[in-house]
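The entries follow the order in which I checked them.

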Amino acid sequence: MDKLNDLLFKFTREQKDCYLMGDFNIDLLKYQQHKSTNDFLDTMFSHSLLPMMNRPTRLTSHTSTCIDNIFCNSFIKNNQSVNGLLLTDISDHLPIVLIIPQPYKSKLKYITETVKGKLMFKLKTDRKSTRLNSSHANI
């Protein structure tokens, strides 16, 4: 927990927006019964990071847990952000979503190209192109 606290302190000190997301394997629904979960939430709250999910994100036949989340310290004006879960049976984890309206039009564009059978995505700005990721789909 100390390493997490140190990392989050850097964001707090630099006053940067922070979006921390993933499968934390910490069930936020059990914060009252589990000390480590409570400590984790206290750490996040102390850095103004609030969880965007408050319902189960992983469902099995015998359990439902909230272990996937997006923590955010950026508070959107007029509460215009949208967050939620996508209902699908592709996995026992439900995909989590946070949509944040942009106050300006982004100058970022992406382009695609096929290289050795892989679809490549690139971000393109006015000055340069930066490789973002690749998909292993054969085209």
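**Salt bridge entries**

I started with Arg58, which counts as partly exposed at 25% relative accessibility. The model is a predicted one, and I kept that in mind for each entry.

Entry one. I looked up the partner of Arg58 and found a salt bridge with Asp92, with the closest N and O atoms 2.8 Å apart. This pair links distant parts of the chain, 34 residues apart. Arg58 lies in strand E3 (residues 58-59), while Asp92 sits in the loop between strand E6 (82-85) and strand E7 (96-99). Asp92 is partly exposed, with a relative accessible area of 30%.

Entry two. I searched the whole structure and the count came to three salt bridges.

I noted a salt bridge between Lys35 and Asp39, where the closest N and O atoms are 3.1 Å apart. Which helix holds Lys35 and Asp39? Both are in helix H2 (residues 35-46), and because they are four residues apart there, about one helical turn separates them. I then checked accessibility: Lys35 is exposed, at 61% relative accessible area, and Asp39 is partly exposed, at 30%.

I turned to Asp27 and Lys30, whose side chains meet in a salt bridge at 3.0 Å, N to O. Is Asp27 buried or exposed? Asp27 has a relative accessible area of 11%, and the cut-off for buried is under 20%, so Asp27 counts as buried. Lys30 is partly exposed, with a relative accessible area of 42%.

Key:
Residues numbered from 1 in each chain as written. Predicted model: local features only at pLDDT ≥ 70, side-chain atom pairs only at ≥ 80, totals over all residues. Heavy atoms only, no water. Salt bridge = Lys/Arg side-chain N within 4 Å of Asp/Glu carboxyl O. Buried < 20%, exposed > 50% of the residue type's maximum accessible area, 1.4 Å probe, protein only. Helix = DSSP H or I, 4+ residues; strand = E, 2+ residues; numbered from the N terminus.
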